[in-house]
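The report below goes through one protein chain, moving from its overall make-up to individual side chains. Please keep the sequence and the structure in view while reading.

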Amino acid sequence: MGGVTAAAGAAPAGRDPGLQPERTRLAWRRTTLSAAVAAVFAVKSALHGGAGAGALVVCAVCCGLWLAFLWVAHQRIRALSAGTPPPALTPRHAAAAVLCAVATAACAAVLVLGPVR
C-alpha cells in the first residue's frame, strides 16, 4: 500500500474540516429553534381557553425540557465555535439532547391530540 501514511480509520494530520463545523453549529441552532417553537406552542395550547391543571403541567414539562435542550445545544455550539477541533459529543450529552427533543415533541403531541384537563 504505497503512499499510505495514516492508520486505517485515523484522520491525517492537518485535516481541513471545511464547512462541517459550521453545518453542525447550524443544525444545533435549527433544532433548538424547533424545540422553542414546540415550547411556545405548548404554552399557547395550555393557556388558550382556560386550560386545566394537567395542561399546565404538560406545558411546564415541555418548557423545562426546552431549557435543558438549550443548555446542551449551547455547550455544543460553544465547543464548535472554539476554533480548535471540538471534542466528540459525550454519550451523556447526546442522550440528554435526544431525550429532551423526543420528550418535547411528545409533550407537544399530547397538547395537540387531546385536551389534558
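## Overall make-up

The chain holds three helices and zero strands, and read from the N terminus its elements follow the order α-α-α. The model is a predicted one, and of the 117 residues in the chain, 24% are buried.

## Helix 1 and helix 2

Two packed helices are described by the angle between their axes and by the distance between those axes. For helix 1 and helix 2, the latter spanning residues 53-80, the axes come within 9 Å and cross at roughly 165 degrees. Helix 1 is therefore roughly antiparallel to helix 2, since an angle over 145 degrees counts as roughly antiparallel. The handedness of the crossing between helix 1 and helix 2 is left-handed.

Ala55 belongs to helix 2, and because its relative accessibility is 4%, Ala55 counts as buried, the cut-off for that class being under 20%. In sequence, Ala55 and Ala42 are 13 residues apart, while in space their C-alpha atoms are 8.6 Å apart.

Side chains of opposite charge can pair when their charged atoms come close. How many salt bridges does a search of the whole structure find? The search finds one salt bridge, and Glu22 forms a salt bridge with Arg25 in which the closest N and O atoms are 2.3 Å apart.

Glu22 and Arg25 are three residues apart in helix 1, so about one helical turn separates them. As for accessibility, Glu22 is partly exposed, with a relative accessible area of 31%, whereas Arg25 is buried, with a relative accessible area of 13%. The two partners thus fall into separate classes, because buried means under 20% relative accessible area and partly exposed lies between that limit and 50%.

## A nonpolar surface patch

Which residues form a nonpolar patch on the surface? The patch is formed by Phe41, Val112 and Leu113, and together these residues have about 320 Å² of accessible area.

Phe41 lies in helix 1, which covers residues 20-47. With a relative accessible area of 36%, Phe41 is partly exposed, and this value matters for patch membership because patches are made of residues with over 30% relative accessible area and no salt bridge.

Key:
Residues numbered from 1 in each chain as written. Predicted model: local features only at pLDDT ≥ 70, side-chain atom pairs only at ≥ 80, totals over all residues. Heavy atoms only, no water. Patch = residues over 30% accessible without salt bridge, like charges linked within 9 Å, V, L, I, M, F, W, Y side chains within 5 Å. Areas by Shrake-Rupley, 256 points an atom, 1.4 Å probe, with all protein chains shown as cover. Salt bridge = Lys/Arg side-chain N within 4 Å of Asp/Glu carboxyl O. Helix = DSSP H or I, 4+ residues; strand = E, 2+ residues; numbered from the N terminus. Buried < 20%, exposed > 50% of the residue type's maximum accessible area, 1.4 Å probe, protein only. Axes fitted to C-alpha atoms, helices over the stretch in contact; angles between N-to-C directions. Parallel < 35°, antiparallel > 145°, perpendicular 65-115°, else oblique. Left-handed = near helix turned anticlockwise from the far one by under 90°.
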